[in-house]
Amino acid sequence: MALVDSDFEEDSPAISPDGRWLAYVSNESGQNEVYVRAYPGPGGRSAVSLEGGTSPVWASERELVYESSGGSYIAATLREGPTFGIESRSEIAPTANFYTSLDRPGYDASRVDGRLLAIRGISLAASNRDVVVLNWFEELRARAGS
């Protein structure tokens with residue numbers, strides 16, 4: 001069963017913590033945008049991102065974080081009520097130097113304290129050498145103190 005059924009490319013589904021909303025990315029507008037619709041159930045969709053967006057992650061029942069095409073993590077605060085709406089959008093941090101992907105987020109948002117955890121990208125200049133770690137588990141145990 002498809003969560004969203006259309007002639008466009010949809011990916012990166014994310015169900016809200018309360019199970020009421022489905023966030024996803026679609027190229028229906030001609031570029032990737034983040035949308036939200038009621039889940040499960042009938043109803044239209046609402047655009048969350050402005051001028052491009054990918055990789056939606058729910059930070060709470062009322063906050064959705066996504067990567068903007070302008071190079072920032074954006075937090076969209078939802079309007080409370082039976083229907084979906086955006087109360088505000090704010091830039092959290094730039095995405096430069098962090099891992100990004102079209103098919104899955106390279107970050108997560110804490111539902112406890114609102115912190116953002118992102119994977120730092122690998123510099124191409126530093127990737128021209130191979131590193132082999134022998135006895136990896138022993139080294140991990142030594143560093144972890146167990």
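Guide: A term to start with: a salt bridge is a side-chain nitrogen of Lys or Arg within 4 Å of a carboxyl oxygen of Asp or Glu. As for the background, this is a predicted model, where local features need pLDDT of at least 70, side-chain atom pairs count only at pLDDT 80 or more, and totals for chains, interfaces and linings use all residues. Residues are numbered from 1 along each chain as its sequence is written, and side-chain values use heavy atoms, with hydrogens and water left out.

Visitor: Okay, how many salt bridges does a search of the whole structure find?
Guide: The search finds 3 salt bridges. One of them joins Glu-28 and Arg-45, with the closest N and O atoms 2.9 Å apart. That pair links distant parts of the chain, 17 residues apart: Glu-28 is in the loop between strand E2 (21–26) and strand E3 (33–38), and Arg-45 is in strand E4 (residues 45–47). Helices (H or I, at least four residues) and strands (E, at least two) are DSSP runs, numbered from the N terminus.

Visitor: Is Glu-28 buried, exposed or partly exposed?
Guide: Glu-28 is partly exposed, at 34% relative accessibility. Arg-45 is partly exposed too, at 33%. Buried means under 20% relative accessible area, exposed over 50%, and partly exposed in between (1.4 Å probe, protein chains only).

Visitor: What does Arg-62 form a salt bridge with?
Guide: Its partner is Glu-87, and their closest N and O atoms are 3.3 Å apart. Arg-62 sits in the loop between E5 and strand E6 (63–68), while Glu-87 is in strand E8, so the pair ties together parts 25 residues apart in sequence. Arg-62 is partly exposed at 30%, and Glu-87 is exposed at 52%.

Visitor: You mentioned strands. What order do they have in the open sheet?
Guide: The open sheet has 4 strands in the order E5-E6-E7-E8, with antiparallel pairing. Strand E5 (53–60) and strand E8 (86–94) are at the edges; each has a single partner strand, so one side of each is left without a neighbour in the sheet. Two strands pair if DSSP finds at least two bridges between them.

Visitor: And over how many bridges do E7 and E8 pair?
Guide: Strand E7 (residues 72–78) pairs with E8 over 7 bridges, in the antiparallel sense. Ala-75 stands opposite Ser-90 in E8.

Visitor: Switching topics, what's in helix H1?
Guide: Helix H1 covers residues 136–144 and includes Phe-137. Glu-139 and Arg-143 both lie in H1, 4 residues apart, about one turn of the helix. Those two form a salt bridge, with the closest N and O atoms 3.0 Å apart. Glu-139 is partly exposed at 33%, whereas Arg-143 is exposed at 70%.

Visitor: What about Phe-137, buried or exposed?
Guide: Phe-137 is exposed, with a relative accessible area of 52%, and Trp-136 is partly exposed at 48%.

Visitor: How many aromatic pairs does the structure hold?
Guide: There are 2 aromatic pairs. One of them is Trp-136 with Phe-137, an edge-to-face pair at 5.0 Å centre to centre, with 80 degrees between the planes. Rings of Phe, Tyr and Trp (its six-membered ring) pair if their centres lie within 6.5 Å; planes under 30 degrees apart count as stacked, over 60 as edge-to-face and the rest as tilted.
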